[in-house]
Each structure stands twice: as structure tokens, then as C-alpha cells.
Amino acid sequence: MRNLTERLFGGTCFLCRGAASRVLCAACDADLPRLSALRCPRCALESARGEVCGRCLGERPDYDGTCAALAYEFPGDALVHALKFRGELALAGLLGGLLAKVTRADEVDCVVPVPLSAERLQRRGYNHAAEVARRLARTKLDLELCVRVRDTPPQMELPFAERQRNVRGAFRCTRSAAGRRIAVVDDVMTTGATLNEIASVLKAAGAARVVNWVVARTL
Ligand SMILES: [Zn+2]
Ligand SMILES: [Zn+2]
């Protein structure tokens, strides 16, 4: 990874352009908006004593837990954007590494990136979530279990209330997930509507436990 990174970034920090032997220099790395420990274990939003928050108690999501590495704010958002839209694939190593520090690969049986539709995958050439997931548990990566059967308008462009409806029926399991403990990987979690829909599809296919592993959490 290091050699690839040096080739791509020419020894300069991706954020400040100062000298760096990795994607980020030590100062920029230290400034990343890492999340503190006291969060709701189910949705990763702030919670006073690290207990399940009122929102999750009121309406239990279909997923059982969420781990997030960063807050979705500068410069975490810039890194996610560059990976997703500008093809800066070396960032998948950095972001996957950050996520690996807050997740436990031995607690899941398989790792499923949020799928893109075949059409969008072909247009973009890569699935950014899969590129991150690859860095977490390569041997547990499962690109076939869950597929996207239809494209949906980007969630960002929709009011919160419409996001759940927007993704309904967008995903399908290709086989049984009976008894499996599954981590679903994505770049950003905002309302959690997409991840909730995937969790519900995986649970319907028999999954025993579904957790979200996301690079960044909108707070
Ligand atoms: Zn820097
Ligand atoms: Zn919660």
C-alpha cells in the first residue's frame, strides 16, 4: 500500500500537500474528526453514557449495531468524496484502515458492501464501499449475497422523510443468509434509511445479526 500511495501522491499529503510518506501527513492524520466512545451502540449517534439512544428505543432499527470511524465533517467528508466521485482509490486504504481500528472482523461471518446497481457500477468502474470493505476482512468479503435491483435517486437530494420510501425494494438477497452475522459497509451513514433497508432484507433472508460499518457518520 505504501508504495502505491507514494506513486499516486508523490510523497505529498493528500490534504495539505506537505511532505508525507503516507496518504496523510502526521498532522492532518491527527486532525481527522475521529468519533469518541460514548455513542449509541445501535446507531452511533451521541448518547450520554454510551447506552442505546431514545430514538433507537422508540423505533428499533432493523440493524443491530453501528460502528463509525469519523464524523462526516471536514476533512473526513472531503476524503469520502474524493474516493467516491474522483476515483482516488488509494484513499480506500486510508479509510478502510481507520474503520478497521473501530471494528472487529472476528465478530462477523461476512462483510457485505452496500451494492451499486450493475449500471452504476459499470459507469463508475468501481464500488467505493467494496474498495473500503476489501481492506477490512478480505477473506470474508461477499460481493454476491446482496444486490441492488433498481437505482434510486441519490439519498442526499431527498428530504429525510422520503429516504426510507426511496430505497424500499431496491435490494435483494441472492441466497439464504441463515444464521450469518453480517457487517454491511458503506462510506457515509446519514438517516440510515439505506442501511436499514439492507438490514431488513438480510434479516428476511435469515441473518442472525447485522451491523453497519461506516467510514463516516453524519451527526
Ligand atoms: Zn497534511
Ligand atoms: Zn441510537
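This is a chat about a predicted model of one protein chain.

Q: Before we dig in, what kind of model is this, and how are things numbered?
A: It's a predicted model, where local features need pLDDT of at least 70 and side-chain atom pairs count only at pLDDT 80 or more, while totals for chains, interfaces and linings use all residues. Residues are numbered from 1 along each chain as its sequence is written, chains are lettered from A and ligands numbered from 1 in the order in which they are written, and side-chain values use heavy atoms, with hydrogens and water left out.

Q: Thanks! How many helices and strands does the chain have?
A: Nine helices and six strands. Both are DSSP runs numbered from the N terminus, with at least four residues (H or I) for a helix and at least two (E) for a strand.

Q: And why call it as compact as a globular protein of that length?
A: Because its radius of gyration is 17 Å, close to the 17 Å that the globule rule gives for 219 residues. The radius is taken over C-alpha atoms, and the rule is 2.2 Å times the number of residues to the power 0.38. Along its principal axes, the C-alpha trace spans about 50 × 45 × 35 Å.

Q: What share of the residues is buried?
A: 49% of the 219. Buried means under 20% relative accessible area, exposed means over 50%, and partly exposed is in between, using a 1.4 Å probe and protein chains only.

Q: Okay, strands now. Which way do the residues of S2 point?
A: Strand S2 covers residues 110-113; Cys 110 and Val 112 point one way, Val 111 and Pro 113 the other way, and all are buried. In a regular strand the side chains alternate between the two faces of the sheet.

Q: Which strand is joined to S2, and do they run parallel or antiparallel?
A: S2 is joined to S5 (residues 181-189) by four bridges, and they run parallel. Strands pair if DSSP finds at least two bridges between them. The bridge partner of Cys 110 is Ile 182, and that of Pro 113 is Val 185.

Q: What else is S5 joined to?
A: Strand S6, residues 209-217, through eight bridges, again running parallel. Val 184 stands opposite Asn 212 in S6.

Q: How many residues of S5 are buried?
A: Eight of its nine, which leaves S5 mostly covered.

Q: Switching topic: where is Thr 194, and is it buried or exposed?
A: Thr 194 is in helix H9, residues 193-204. Its relative accessibility is 14%, so it counts as buried.

Q: What does Thr 194 touch?
A: Leaving out residues up to four places away in sequence, Thr 194 touches Val 114, Gln 155, Val 167 and Phe 171. A contact means heavy atoms within 4.5 Å.

Q: Now the backbone. Where is the cis peptide bond?
A: It joins Phe 74 and Pro 75, with omega about 0°. Pro 75 is in the loop between strand S1 (65-71) and helix H4 (76-85).

Q: Which residue has a phi near 65°?
A: Arg 17, a positive value in a residue other than glycine. Arg 17 sits in the loop between helix H1 (2-9) and helix H2 (26-30), and at 52% relative accessibility it counts as exposed.

Q: And what about Ala 44, buried or exposed?
A: Ala 44 is buried, with a relative accessible area of 3%. Its phi is positive too, about 70°, although it is not a glycine. You'll find Ala 44 in the loop between H2 and helix H3 (54-58).
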